[in-house]
Amino acid sequence: MDENLVLEKIKKSEKVAFAFLEQLVNLDSSDDAKGGIADVCHSIGDFAAALGFSVDYITTPNQPTQVLCHRPNEGKKKIMFIGHADTVFKKGTVATRPFKIEGDKVYGPGVADMKGGLVATLFTIKGLLEAGWDDSDFTFFICGDEELSHPHTNAVENFMKYAKGKDVCFCMEPGRENGAVVTGRKGAARPLIKVTGVASHAGTAPEKGISANLEPAYKIIELQKLNNKETGTTFNVGVMKGGFMANIVSDYAECEIDIRAKTIVEAEKAIQDVQRIVETSYVPGTSSMVESNKISFMPFETTPQVKALYNLMKKEAATLGQEELKVANTQILAPCDGEISFVTETKYAFAMALDNGVEILVHIGLDTVSLHGQGFTQLVNQGTKVKIGTPIIAIDRDFILEQGISLESPILITNPEIVKSISYNTDVEAIAGITVALEYTL
């Protein structure tokens with residue numbers, strides 16, 4: 001078929017698309033506005049129904065709505081689109097900063113993450129159908145609690161259920177500000193281990209106490225042993241709490257673990273390993289339990305099929321005369337204005353000096369020093385003054401990940417003695433120009 005005809009149809013619907021986006025953005029749809037989430041789902045459902053989709057609303061008492069839209073086409077390729085109707089913006093945000101267009105930019109709560117993606121999906125399908133495309137079986141499934149990792153609904157099970165047997169599935173949450181697409185990311189789990197012991201006075205009757213603090217100490221050592229550079233699976237006990245007074249044998253302790261894994265197999269193994277360690281008692285008399293020992297974000301594996309799909313999309317983008325399609329995270333950008341004061345010989349880290357005297361270090365990935373410079377290309381010379389967002393280092397993302405090395409990248413203030421306070425934003429997938437990595441006061 002004529003691909004340009006599809007683009008023409010989409011272009012003709014641009015005003016209607018922006019009006020529909022305004023309608024969705026001006027609906028508060030955070031977890032404290034479940035009615036708004038339902039309204040978004042019903043707006044999507046009504047639009048899809050007009051395109052010939054069957055629409056089913058999946059509800060859980062007092063929980064966010066889900067919507068399944070299906071346009072069957074027997075014997076044709078099965079294409080699935082997925083997304084979410086919720087945002088992180090609390091009820092009332094729309095009243096203070098509603099949808100608006102300024103120049104070539106659109107603003108409003110959830111306009112990118114991900115109501116823009118929902119609208120793009122529907123108007124892409126609409127354009128295809130209006131151009132005469134009749135070679136796909138379409139499914140569009142939307143949950144209402146993605147931002148909270150689906151704590152009280154069966155959304156995860158539904159994603160897997162409805163995706164089974166599909167030829168391809170697109171997550172329509174926008175990729176990156178520069179138009180890059182995401183072809184893979186680690187999965188995550190966040191177990192919380194709780195340990196109970198017996199309290200006693202540490203000075204007068206220590207023999208009567210059983211330390212709840214000692215048990216997780218042993219468990220943490222065993223958890224650390226599970227870190228695996230070859231598979232890229234990481235375990236980090238980031239929070240440890242126990243006891244309430246130094247002279248009392250602690251009767252309660254807990255530790256929170258962050259687990260990252262590249263594959264579903266590795267993620268499931270990690271969950272089993274945590275359970276095994278929880279069930280193993282190292283200090284007689286203590287008891288242990290674990291909460292949230294489950295995969296909260298399934299790994300998005302960069303399989304050969306995903307790479308083939310990316311290559312196909314890249315080819316089609318070129319055919320349509322669009323900018324070259326790029327994989328996300330192929331460039332590391334300056335996180336602020338300043339001067340590039342240092343770049344490591346193997347390009348895995350660089351430092352910046354800011355005008356206010358603060359010095360920062362950007363370390364690209366974890367253990368990337370072991371690559372001896374492979375996969376890194378310096379784009380800016382040392383001593384160059386740069387603006388926020390300037391590309392500093394180009395990386396071969398696929399190569400680095402294939403070595404089992406994480407691309408989680410710390411940003412640190414290296415002279416913290418000159419600042420009064422520092423607040424780090426950790427465990428987030430950073431989006432250039434949007435995500436705040438850290439904040440400080442002088």
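Two strands pair where DSSP finds at least two bridges between them; strands (E, at least two residues) and helices (H or I, at least four) are DSSP runs, numbered from the N terminus. The model is predicted: local features need pLDDT of at least 70, side-chain atom pairs count only at pLDDT 80 or more, and totals for chains, interfaces and linings use all residues. Residues are numbered from 1 along each chain as its sequence is written, and side-chain values use heavy atoms, with hydrogens and water left out.

**View 1. The antiparallel pair β16 and β22.** Strand β22 covers residues 391-395 and pairs with β16 over three bridges in the antiparallel sense. Within this pair, leucine 333 stands opposite proline 391 of β22.

**View 2. The open sheet of three strands.** The strand order is β16-β22-β20, and the pairing is antiparallel. At the edges lie β16 (331-333) and β20 (376-378), each of which pairs on one side only.

**View 3. The second largest pocket.** A pocket is an open set of points on a 1 Å grid over the protein atoms alone, where a 1.4 Å probe fits, with protein on both sides within 12 Å along at least five of seven lines; lining residues have an atom within 4 Å of a point. The second largest pocket holds about 230 Å³ of space, a volume being the space filled by probe spheres set on the points, which are joined across faces, edges and corners.

**View 4. The lining of the second largest pocket.** Among the lining residues are Ser149, His150, Glu268 and Lys294. Helix α6 (155-163) and strand β15 (295-297) each give two or more residues, and α6 gives the most, with three.
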